[in-house]
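Colleague: I would like to learn how to read a model of this kind, feature by feature. Please give the general idea first and then the case at hand.

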Amino acid sequence: MELERVKPEFQGSQVTAPHSARCVEEAEEAVKELRAALEKAGITLPTLRIDPASLAREAPCPLVELGRCSVEIAQRLAAVLR
């Protein structure tokens, strides 16, 4: 599935609030979709989330934090990606 890219909307040099809100919504949806896909493969990343520090800007640009996992989960994830 291909995600539609959100193009920034500017007023002067500032990114607008609607753009920021769409970026956060897009990130939340990406986390939800990734969690569901991993679950189908029997993999759980316990700390999968939106990185809260990336939301702490005037115009948030969210990053998805995959977090830490055990060696076993990392090996299973690598196997699924091969």
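Colleague: Which backbone oxygen lies 2.7 Å from a polar atom of the side chain of serine 54?

Modeller: A polar contact is a pair of N or O atoms within 3.5 Å; within protein, one must be able to donate a hydrogen and the other to accept it, and residues adjacent in sequence count only if both atoms are side-chain atoms. Here the backbone oxygen is that of aspartate 51. Before going on, note that this is a predicted model, in which local features need pLDDT of at least 70 and side-chain atom pairs count only at pLDDT 80 or more, while totals for chains, interfaces and linings use all residues. Residues are numbered from 1 along each chain as its sequence is written, and side-chain values use heavy atoms, with hydrogens and water left out.

Colleague: Where does serine 54 lie, and is serine 54 buried or exposed?

Modeller: Buried means under 20% relative accessible area, exposed over 50%, and partly exposed in between (1.4 Å probe, protein chains only). Serine 54 lies in the loop between strand 3 and strand 4, and its 7% relative accessibility makes it buried. Contact means heavy atoms within 4.5 Å. Leaving aside residues up to four places away in sequence, serine 54 touches Pro60, Cys61, Pro62 and Leu63.

Colleague: In what order do the elements of the protein run?

Modeller: Helices (H or I, at least four residues) and strands (E, at least two) are DSSP runs, numbered from the N terminus. The protein has 2 helices and 4 strands, in the order β-β-α-β-β-α. Of its 82 residues, 22% count as buried.

Colleague: Which residues make up the largest nonpolar core?

Modeller: A nonpolar core is a set of buried Ala, Val, Leu, Ile, Met, Phe, Trp, Tyr and Cys residues joined through side-chain atoms within 4.5 Å. The largest one has 8 residues: Ala27, Val31, Leu38, Ile43, Leu45, Leu48, Ile50 and Ile73. Helix 1 (residues 17–40) gives the most to this core, with 3 residues. As for isoleucine 43, its contacts include Leu38 and Ile73, and also Arg76, Leu77 and Val80, not counting residues up to four places away in sequence.

Colleague: How many salt bridges does the structure hold?

Modeller: Side chains of opposite charge can pair when their charged atoms come close. The criterion for a salt bridge is a side-chain nitrogen of Lys or Arg within 4 Å of a carboxyl oxygen of Asp or Glu. The structure holds 1: arginine 49 pairs with glutamate 65, their closest N and O atoms being 3.4 Å apart. This pair links distant parts of the chain, with arginine 49 in strand 3 (residues 49–50) and glutamate 65 in strand 4, 16 residues apart. Arginine 49 is partly exposed at 40% relative accessible area, and glutamate 65 is partly exposed at 25%.

Colleague: How many disulfides does the structure hold?

Modeller: A disulfide is a covalent bond between the sulfur atoms of two cysteines. The cut-off is a pair of cysteine sulfur atoms within 2.5 Å. The structure holds 0 disulfides. For cysteine 23, the nearest cysteine sulfur is that of cysteine 61, 6.0 Å away. Cysteine 23 is buried, with a relative accessible area of 13%.

Colleague: Where does cysteine 69 lie, and what does cysteine 69 touch?

Modeller: Cysteine 69 sits in the loop between strand 4 (64–65) and helix 2 (71–81). Its relative accessible area is 35%, which means partly exposed. Cysteine 69 touches Leu45 and Ala74, not counting residues up to four places away in sequence.
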